[in-house]
Amino acid sequence: MLELLDIQTFYGNIQALKGVSLEIAKGEIVTLIGANGAGKTTTLMSICGAVPPRSGEIKFEGRSLADLSPNEIVALGISQVPEGRRIFPYLTVAENLDMGAFLRGDRDGVKEDMEYIYGLFPILAERRHQAGGTLSGGEQQMLAISRALMARPRMLLLDEPSLGLAPLVVKRIFEIIRQINAESKTTIFLVEQNANLALKVAHRGYVMENGRIIMSDKAENLLTNEDVRKAYLGI
Ligand code: ATP
């Protein structure tokens with residue numbers, strides 16, 4: 001469904017991605033793990049068009065994403081949940097969700113999806129008239145994921161959903177990620193520093209170091225791999 005071929009991405013003179021290739025099949029949950037500064041966020045930014053690669057190719061369902069704007073990429077079916085959540089703090093929960101659907105014209109479908117989301121996260125239904133900025137960190141993460149889902153994506157890109165959240169909240173968010181994948185067949189690309197959790201929810205994983213993919217395998221194999229355990233699982 002998504003294919004990255006030898007991607008090189010720069011910030012000015014700094015080369016953040018040094019030839020990244022990976023692929024994600026329809027229906028999969030794939031995780032990208034790695035230390036701080038490895039290039040995980042840059043990989044997502046390259047896919048969603050925020051920091052276009054200088055060379056290499058990104059294809060979504062066989063179509064090149066080169067020269068497409070971030071909005072056009074969303075319209076193709078790829079939505080991102082950025083690191084740090086970035087919801088609209090002064091808009092209500094319901095208005096934040098509406099913003100996620102701004103490219104859609106099917107009002108009935110939008111209403112239906114909003115009800116589905118309120119079913120997934122009942123706390124958001126309770127708080128639908130409350131300003132986003134007054135929600136707890138975990139609730140804001142739920143809202144950020146929900147806002148991305150309102151675009152009805154076929155692929156969801158998640159950047160560090162566990163960041164700064166209490167363990168119980170993280171557990172709930174990861175259960176929901178699995179549920180979204182199972183129920184709506186949304187393909188998920190999950191970037192995480194919490195490798196242990198990410199590998200438990202994912203089907204496959206890639207390990208990134210210094211702008212390169214250094215390993216890829218089924219998640220269950222990475223979880224038991226000695227090098228991965230030492231470097232990323234703290235075991
Ligand atoms: P983290 O988990 O800390 O977000 P990461 O694996 O997502 O790390 P990136 O944020 O993709 O890593 O960073 C990859 C490299 O690019 C790092 O060396 C980082 O310092 C650099 N970098 C990231 N953003 C910028 C920027 N806006 N300008 C310059 N360099 C950047």
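Visitor: In which sense do strand E3 and strand E8 pair, parallel or antiparallel?

Guide: Strands of a sheet pair through backbone hydrogen bonds, either parallel or antiparallel. Here E3 (residues 29–34) and E8 (residues 187–192) pair in the parallel sense, over five bridges. Leu32 has Val191 in E8 as its bridge partner. Two strands count as paired if DSSP finds at least two bridges between them. Strands (E, at least two residues) and helices (H or I, at least four) are DSSP runs, numbered from the N terminus. This is a predicted model: local features need pLDDT of at least 70, side-chain atom pairs count only at pLDDT 80 or more, and totals for chains, interfaces and linings use all residues. Residues are numbered from 1 along each chain as its sequence is written, and side-chain values use heavy atoms, without hydrogens and water.

Visitor: What is the strand order in the open sheet of six strands?

Guide: The order is E6-E7-E8-E3-E9-E10, with mixed pairing. E6 (78–81) and E10 (212–218) are the edge strands, each pairing on one side only. The twist from one strand to the next averages 15°.

Visitor: Which strands does helix H6 lie across?

Guide: H6 (residues 137–149) lies across E6 and E7 (155–159). Its angle to E6 is about 170°. Axes are lines fitted to C-alpha atoms, for helices over the stretch in contact (heavy atoms within 4.5 Å), and angles run from 0 to 180 degrees between N-to-C directions.

Visitor: How many residues lie between E1 and E2 in their hairpin?

Guide: Two, and Gly12 in the turn has a positive phi of about 60°. E1 (residues 2–11) and E2 (residues 14–24) pair in the antiparallel sense over eight bridges. Glu3 stands opposite Glu23 in E2. E1 also pairs with E4 (residues 55–60), antiparallel, over five bridges. There, Glu3 has Lys59 as its bridge partner.
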